[in-house]
Amino acid sequence: MSGRSRVASSALLATVGIGVQGLAKLLVTVVVGRVFGTETLGQTTALLSLSVFTALLWPNAAGNTASRVLAITLRGRRSDTAVNRLLGASMAVSSVVLAAVTVPVAIAWGASPGMVVGGVGVVVGYGLYCYARGAQLGYDRAPRVALWDTVTSLLALGLLVAACVARLEPLVLLPLAVGYTVFAIACWPRGNRAAGAPEPTAGVLGFAAWNVLAVVTSNGLLQLTMISAQVSSSALEAGVYAAAFTLATPASMVGQALGQVLVPAFAHRSDGGSLRSRGVLLLVGGFAAGTAVVFGLVAWLAGWFLPLVYPAEGAAAVADLRYLMVGVWVFTVGLVPAALLLASGRSRQVALASVAGFVVGVVLMAVLAPSTGVAGGTTGFLVGSAVNLVAVVVLGLRRR
């Protein structure tokens, strides 16, 4: 199989896998909204957003780092034992810290004891999932990732049905937590068993630390829109916005799936996937055009399918979803050039570029949300993502 075909195949499998996980998360929120009501939906979605946001504080970056470093180690036929030990220890520490942070936040949001436990489980489980997924893609095992994404999604949905039948409203987050944890156990990196010299660990944590800043300031802006709605709006308005948010979020995973594959695939290119390359430029342009068509179709059909998915909140959430999809498209397109920069080891530049968009977005949210409600959060996300997109494209066109 040629290099391009292999990348395309891996990208497709990774997208399918993350799409299945996104669908499972969507179905969880749909069932929760229908069975337990709008306010429970809003609280559940806010805690899910918290899990994604806290994962950006280390697990996501550790997964991106593992994706790049393990790919380089595998192709160089060097042992990755030291790298896995270092990143694994960092994940253990981060899991404890993030779990401790989740408890007071969930309590402050009025979560019940059962919901707090579920929130902690989702935060820890999703973090471990992000790291293990990145490591497996570094090993070029996209089929394995897609398989376990599917298995654990079905497991989570089965457990959710059991929770609903038993009317265990406070435990509705535990099925997802179990699914993520099982994935992490099945896909945890266990070494490439290479007999060569060990891959040096110098610079690994530094690369990850800069990547933390990059993913927090780019991906985190989307999660802040839901948190902003929870803080600045009534429980009913937040629940309506959650209906739009839960359908817009899976769309953002398309760019993340492609980015996870591009980082290890382009890690050994001399240009690191520079946008000055005609092939790379066509890749970014084609991806932008293709997602514009798909996301535009979602926005156009929102008035039809949203009321079907969320009978109580759907009609009121149509405008929110359409506005969100514009921001999600801009955000998604920016993930591809950012991934190419990461492949060439430029995590510091990606991070500094992302800061500009994040600062602009957060300032707009803080200014607009008190007066315009949920639309203010979406506006901050859209404008901040546009600033970030321009920044990473400019960096990609510049010579290193």
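Modeller: A residue counts as buried under 20% relative accessible area. The model is predicted, and in it Phe 183 has 0% relative accessibility, so Phe 183 is buried.

Biologist: What makes Tyr 129 buried or exposed?

Modeller: Its relative accessible area is 4%. That value is under 20%, so Tyr 129 is buried.

Biologist: Why is the pair of Tyr 129 and Phe 183 called edge-to-face?

Modeller: The ring centres lie 4.6 Å apart, within the 6.5 Å limit, so the rings pair. The planes are at 65°, over 60, and therefore the pair is edge-to-face.

Biologist: What parts does the pair tie together?

Modeller: Tyr 129 belongs to helix 5 and Phe 183 to helix 7, so the pair links parts 54 residues apart in sequence. Both residues also belong to one aromatic cluster, with Tyr 126 and Tyr 180. The whole structure has six aromatic pairs.

Biologist: How do you know that Lys 25 lies over the face of Tyr 126?

Modeller: Lys 25 is at 5.1 Å from the ring centre. The distance limit is 6 Å, and NZ must also be within 35 degrees of the ring normal. Lys 25 is listed as lying over the face.

Biologist: Which residues are closest to the centre of the largest cavity?

Modeller: The largest cavity holds about 430 Å³ of space. Of its 32 lining residues, Asn 60, Asn 64, Asn 219, Gln 256 and Gln 260 are closest to the centre. Helix 9 gives the most to this lining, with six residues. By class, the lining has 16 polar, 14 nonpolar and two charged residues.

Definitions and conventions:
Residues numbered from 1 in each chain as written. Predicted model: local features only at pLDDT ≥ 70, side-chain atom pairs only at ≥ 80, totals over all residues. Heavy atoms only, no water. 1 Å grid on protein atoms, 1.4 Å probe; cavity = no way out; pocket = protein on both sides within 12 Å on 5 of 7 lines; lining within 4 Å. Points joined across faces, edges and corners; volume = space filled by probe spheres on them. Helix = DSSP H or I, 4+ residues; strand = E, 2+ residues; numbered from the N terminus. Nonpolar A, V, L, I, M, F, W, Y, C, P; charged D, E, K, R; others polar. Phe/Tyr/Trp six-rings, centres within 6.5 Å; stacked < 30°, edge-to-face > 60°. Buried < 20%, exposed > 50% of the residue type's maximum accessible area, 1.4 Å probe, protein only.
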